[in-house]
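Visitor: Hi! Could you walk me through this one?
Guide: Happy to, here it comes.

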Amino acid sequence: FLLVPLPSVPPPALHTCQGLAPCLPEEGQVNTSGPRLLLATLHPASSSSTAMDRIFSSLLLSLLLLLQSYGVCGAPPQPRGTLCRTKPTDLVFVIDSSRSVRPHEFEKVKVFMSRVIEGLDVGPNSTRVGVINYASAVKNEFSLKTYQTKAGLLQAVRRIEPLSTGTMTGLAIQFAISRAFSDSEGARVRSPNFNKVAIVVTDGRPQDGVQDVSARARAAGIEIFAIGVGRVDMHTLRQIASEPLDDHVDYVESYSVIEKLTHKFQEAFCVVSDLCATGDHDCEQICISSPGAYKCACKEGFTLNSDGKTCSACSGGSESALDLVFLIDGSKSVRPENFELVKKFINQIVDSLEVSDKQAQVGLVQYSSSVRQEFPLGQFKNKKDIKAAVKKMAYMEKGTMTGQALKYLIDSSFSIINGARPGVPKVGIVFTDGRSQDYITDAAKKAKDLGFRMFAVGVGNAVEDELREIASEPVAEHYFYTADFRTISKIGKKLQMKICIEEDPCECKSIVKFQTKVEDLINSLQQ
């Protein structure tokens, strides 16, 4: 063998190599991670050829190990890190502390504010933060000029106490316009370089008008986010918030889950140059970044769909055979309009499968106070029929017996009599929006002990400890949570890839396949 160091050449910023396949650079990209090696061999035409072949095989195995330890493309994996910085912003929280907000709930609001602040670049020339506390009257807790460090802001937030009287939301917004966002309180002159943002958090119907004063605030260049909790009046939130309303109005069932909105606001204030590195993209498999933009690609064996974002997953060959059962919470807390979103979530995943007798089969079970099989595995032979059956599913609208539903999955859904195929991987996707009213531990453990691959998806008031208990190992890759039903499509995109049965790159046949590729490359070099 002759190992010749070559000069650094451009590698991909984010490669698409599969398993142990060699990775080649793309045009215009630069490798700063170290030299590459050119591998060549000479086979003497003598009786020692067999021995040389054995030596070649041994050294090739060493090369495989080297590639695995150093990184598939000859470069160590690059950590993602925190590549987000926040645009300079004048941010004012407008917080409802009326008597309907209990003391322990107000503490949750303070945690939410603290989490958002922790993700900001705080300073006199970057982001400034103020807090307005309101009930029947308005209290300026601290202004934009009061604290210039993150530590000072966090300490001040911890000291805020609820006012516990009425709900004068309009008065609080007027105070924000005339006082909180004034020059005297530390607000900066309106400019494209600075954002002015107000985050309004309320849990009830205001005792004054909000429509006109909110319009004046928006006209003054203030971007308003409206967060509603519990029995809030949704019409009021829409009157307060900036356009587009889908991006500026948020609702959570209770204060116990308001902290889940933290990530949304950290992203909202983020100025991103590498959208792929921060995960702020819609690519299902591979994201290729360019300054301020990105394009999507697919792994080897997958094709990019016409939407330019998703890939045709689990296609081709018997290796993609799969028995998949959805276990869907139909309790009354889901609400009819959200149940329609759940059905779209199911069909989103079905779209990514190759449905047939020899590939993917899909079953559907709905549960509330009881369990109802909507259709068993194998009843429908194509995606069109499955999606039509999902759309026709009627909403049960009762309790939340998740443990009973898991037991049904084990005893019935994955039984041969209900269409399950022996030796085919079994996958269960459990969707719930609240705490189970029965015991789930034994059934969740049994499902995993039987080899079922279990995914847990929670929305709203779902209990994350229960989701983790249902999910297979590694738990972080098998459970998902979102505070808002409107965002479950993002979870669907992640699940499309995770339920795919992929080839193990460490299996013998994969290594042999790679060895063949390398031998062909060496033979061409010899010639």
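Visitor: Which helix does Ser-413 lie in?
Guide: Ser-413 lies in helix α11, residues 402-413. Helices here are DSSP runs of H or I with at least four residues, strands are E runs of at least two, and both are numbered from the N terminus. This is a predicted model: local features need pLDDT of at least 70, side-chain atom pairs count only at pLDDT 80 or more, and totals for chains, interfaces and linings use all residues. Residues are numbered from 1 along each chain as its sequence is written, and side-chain values use heavy atoms, with hydrogens and water left out.

Visitor: Is Ser-413 buried or exposed?
Guide: Ser-413 counts as buried because its relative accessibility is 3%. Buried means under 20% relative accessible area, exposed over 50%, and partly exposed in between (1.4 Å probe, protein chains only).

Visitor: And what does Ser-413 touch?
Guide: Leaving out residues up to four places away in sequence, Ser-413 touches Val-325, Val-365, Leu-377, Tyr-408, Asn-418 and Ala-420. Contact means heavy atoms within 4.5 Å.

Visitor: Which strands pair with β13?
Guide: β13 pairs in the parallel sense with β14 (residues 360-367) over 8 bridges, and with β16 (residues 426-432), also parallel, over 6 bridges. Pairing requires at least two DSSP bridges between the strands.

Visitor: What is the bridge partner of Val-325 in β14?
Guide: Gly-363 is the partner of Val-325 there, while in β16 Asp-323 has Lys-426 as its bridge partner.
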